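Trainee: I am new to this structure. Please show me how to read it, one feature at a time.

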Amino acid sequence: MAIRRAQSLLCLTKFKTNFVFGSYLRPRRFSSSSQNSNQFQNVGFIGLGNMGSRMVNNLVKAGYNVTVHDINRDVMKMFAELGVSARETPYEVAQDSQVVITMLPSSSHVMDVYTGRDGLLRGENAIRPALFIDSSTIDPQTTRKISLAVSNCNLKEKRDNWERPVMLDAPVSGGVLAAEASTLTFMVGGPEDAYLAARPILQSMGRTSIYCGGSGNGSAAKICNNLAMAVSMLGTSEALALGQSLGISASTLTEVLNTSSGRCWSSDAYNPVPGVMKGVPSSRDYNGGFASKLMAKDLNLAAASAEEVGHKSPLISKAQEIYKKMCEEGHETKDFSCVFRHFYNGKDEV
């Protein structure tokens with residue numbers, strides 16, 4: 001699908017503003033039945049990449065009627081052969097769905113899928129889905145713009161006390177393995193009652209969901225989480241590479257870190273040194289996992305958000321510099337933990 005960001009932004013100007021500080025001036029209230037897992041059975045899903053395809057599999061396993069769309073016709077054909085309905089455009093997915101989930105690469109892709117020529121909203125005032133869930137990692141500002149556009153639409157079919165459609169931002173943490181195992185963590189922003197209504201759907205794809213507050217707060221939480229993840233990986237890699245240079249094996253130093261104050265996720269669950277830990281990207285030549293180019297993208301989002309609110313973030317700048325260099329040197333598809341080898345020149349554990 002071609003990206004039509006200019007057209008998308010023009011579409012947003014059609015809607016009147018009633019949105020302040022990431023929430024609604026008048027909160028949407030939903031009946032207690034909105035928490036019933038049977039309220040939504042027809043789920044649309046757009047974005048069938050490494051994460052999305054696995055999330056769809058778990059929705060199907062949970063018994064939802066799923067309709068999918070992706071620009072990759074081969075992956076759509078694969079799902080169709082498995083009995084999953086596939087549609088040519090996001091708009092067609094919306095016509096079949098009570099809930100639509102998006103899992104896309106960037107802010108511009110999400111904007112286009114919602115407000116583009118064949119998008120979920122397609123410039124119409126009345127739409128069928130009552131609930132939209134965006135699990136992409138994008139900036140909070142774009143999330144809030146799209147949420148406003150959704151909230152200004154009407155529903156073709158009234159559902160209990162749902163007066164208007166609602167969008168939740170629900171980015172995820174855990175990566176491809178967690179998506180496959182249905183153990184993702186969802187960070188959710190938007191009206192709390194809508195979150196409660198969505199929770200059964202989220203639970204079919206993940207183990208944990210955390211309500212973070214108003215619209216855009218889920219996106220903000222994801223950006224902050226990935227900033228902490230990037231910085232801790234750099235710190236852990238730097239310490240382990242320095243330890244090797246000082247004559248300490250990575251296994252020994254890892255044991256020290258994990259039983260001392262230096263312990264963190266990067267040391268005890270996602271160790272960057274090949275040969276120290278099984279089942280992580282460093283044990284398979286940094287293939288799989290979370291690509292360096294995605295970390296670079298998320299750090300750019302963090303930098304833009306920090307600049308917008310005037311927050312000093314020197315570690316964002318340094319991490320940006322390092323991951324930009326990693327991508328420029330051809331390691332963009334390798335897991336972000338490859339900084340140990342390709343930036344710090346660390347050695348494999350023999």
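**Reading the model, step by step**

Trainee: Where does Leu246 lie, and is Leu246 buried or exposed?

Mentor: First, a caution: this is a predicted model. Leu246 lies in the loop between α9 (217-245) and α10 (250-258). The cut-off for exposed is over 50% relative accessible area. Leu246 has 62% relative accessibility, so Leu246 counts as exposed.

Trainee: Let us step back. How many helices and strands does the protein have?

Mentor: There are 14 helices and 13 strands. The protein has 350 residues, and 53% of them count as buried. It exposes about 15700 Å², with 51% of that supplied by carbon and sulfur atoms.

Trainee: What do the contacts say about sequence distance?

Mentor: Take contacts between residues at least 6 apart in sequence. Of these, 67% join residues at least 24 apart.

Trainee: In which sense do β12 and β13 pair?

Mentor: Strand β12 (residues 184-189) and strand β13 (residues 206-213) pair in the parallel sense, over 6 bridges. The chain passes from β12 through helix α8 (residues 192-205) to β13, a right-handed β-α-β crossover. For a landmark in the pairing, find Phe186, which stands opposite Ser209 in β13.

Trainee: Which backbone angles deserve a look?

Mentor: Look for positive phi in residues other than glycine. Ser182 is one case, with phi near 60°. Ser182 sits in the loop between α7 (175-181) and β12. Asn345 is another case, with phi near 55°. Asn345 falls in the segment after α14 (339-342). With a relative accessible area of 56%, Asn345 is exposed.

Trainee: Now the interior. Is Ser237 buried or exposed?

Mentor: Ser237 is in helix α9. Buried means under 20% relative accessible area. The value for Ser237 is 0%, so Ser237 is buried.

Trainee: Which residues is Ser237 in contact with, beyond its neighbours within four places in sequence?

Mentor: Its contacts there are Pro272, Ser337, Val339, Phe340 and Tyr344. Also check Val273, which is 36 residues from Ser237 in sequence. The two C-alpha atoms are 7.9 Å apart in space.

Trainee: How many salt bridges does the structure hold?

Mentor: The structure holds 12 salt bridges. One of them joins the side chains of Glu180 and Arg54, at 3.4 Å from N to O. Glu180 lies in helix α7 and Arg54 in helix α2 (residues 50-61), so the pair ties together parts 126 residues apart in sequence. Glu180 is partly exposed, at 48% relative accessibility. Arg54 is partly exposed too, at 24%.

Trainee: Which residues are linked with Arg341 in a network of salt bridges?

Mentor: The network links Asp285, Lys334, Arg341 and Asp348. Start with Arg341 and Asp285, whose closest N and O atoms are 2.7 Å apart. Arg341 is in helix α14, while Asp285 is in the loop between α11 (265-268) and α12 (292-309).

Technical notes: Residues are numbered from 1 along each chain as its sequence is written. This is a predicted model: local features need pLDDT of at least 70, side-chain atom pairs count only at pLDDT 80 or more; totals for chains, interfaces and linings use all residues. Side-chain values use heavy atoms; hydrogens and water are left out. Two strands pair if DSSP finds at least two bridges between them. Helices (H or I, at least four residues) and strands (E, at least two) are DSSP runs, numbered from the N terminus. A crossover is right-handed if, with the strands pointing away from the viewer, the path from the first strand over the helix to the second runs clockwise. Buried means under 20% relative accessible area, exposed over 50%, partly exposed in between (1.4 Å probe, protein chains only). Contact means heavy atoms within 4.5 Å. Accessible areas come from the Shrake-Rupley method with a 1.4 Å probe; for residues, only the protein chains shown count as cover. A salt bridge is a side-chain nitrogen of Lys or Arg within 4 Å of a carboxyl oxygen of Asp or Glu.
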